[in-house]
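Student: Could you walk me through this structure? I'm new here.

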Amino acid sequence: MEVLHTIRDTPPNPRGLCCLASKDENCCFLAYPGSSTIGDVQIFDASNLGAVTMIPAHDSPLAAMAFDTDGTKLATASEKGTVIRVFAIPTGDKIFELRRGMKRLANFFPSCPNRTCKFNGLAVRAQNGIDHILSDA
């Protein structure tokens with residue numbers, strides 16, 4: 001393996017949050033926090049090695065994020081963890097918002113991590129151990 005590119009001047013990211021999505025063989029996006037104090041998400045085109053957009057996702061720092069299996073949507077949650085927002089990629093437009101109660105979010109993941117799966121949803125785990133399966137359909 002060799003280093004192809006280094007993204008410089010990124011904010012502190014103590015949780016090591018980042019996610020990578022391959023939309024197709026010519027398009028790959030990287031998402032990472034754009035701020036350590038608010039919930040901005042930087043979208044980086046890993047195929048063409050350039051910044052795409054900055055998404056003002058939340059008022060408080062990010063706690064979790066995940067691309068869908070197609071790399072066309074990004075779900076985010078802040079440290080507060082009661083709202084999940086989903087954005088279109090690469091534009092950064094907000095598609096929808098899900099309110100999921102008062103308990104903080106622990107983490108979430110694409111519910112079908114491979115492209116052969118027909119269900120394109122999100123698996124969410126709250127800190128109290130409750131799991132949710134969410135779908136945009």
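Tutor: Let's start with Gln42, which sits in strand β3 (residues 39-45); strands are DSSP runs of E, at least two residues long, numbered from the N terminus. The model is predicted, so to speak of local features we need pLDDT of at least 70, and side-chain atom pairs count only at pLDDT 80 or more, while totals for chains, interfaces and linings use all residues. Residues are numbered from 1 along each chain as its sequence is written, and side-chain values use heavy atoms, with hydrogens and water left out.

Student: Is Gln42 buried or exposed?

Tutor: Buried means under 20% relative accessible area, exposed over 50%, and partly exposed in between (1.4 Å probe, protein chains only). Gln42 has a relative accessible area of 11%, so it is buried.

Student: Which residue's backbone oxygen lies 3.2 Å from a polar atom of the Gln42 side chain?

Tutor: A polar contact is a pair of N or O atoms within 3.5 Å; within protein, one must be able to donate a hydrogen and the other to accept it, and residues adjacent in sequence count only if both atoms are side-chain atoms. The backbone oxygen at 3.2 Å from the Gln42 side chain belongs to Thr53.

Student: How many bridges join β6 and β7?

Tutor: β6 (residues 73-78) and β7 (residues 83-88) are antiparallel partners. Ala75 stands opposite Val86 in β7. The pairing of β6 and β7 runs over five bridges.

How values were computed
Helices (H or I, at least four residues) and strands (E, at least two) are DSSP runs, numbered from the N terminus. Two strands pair if DSSP finds at least two bridges between them.
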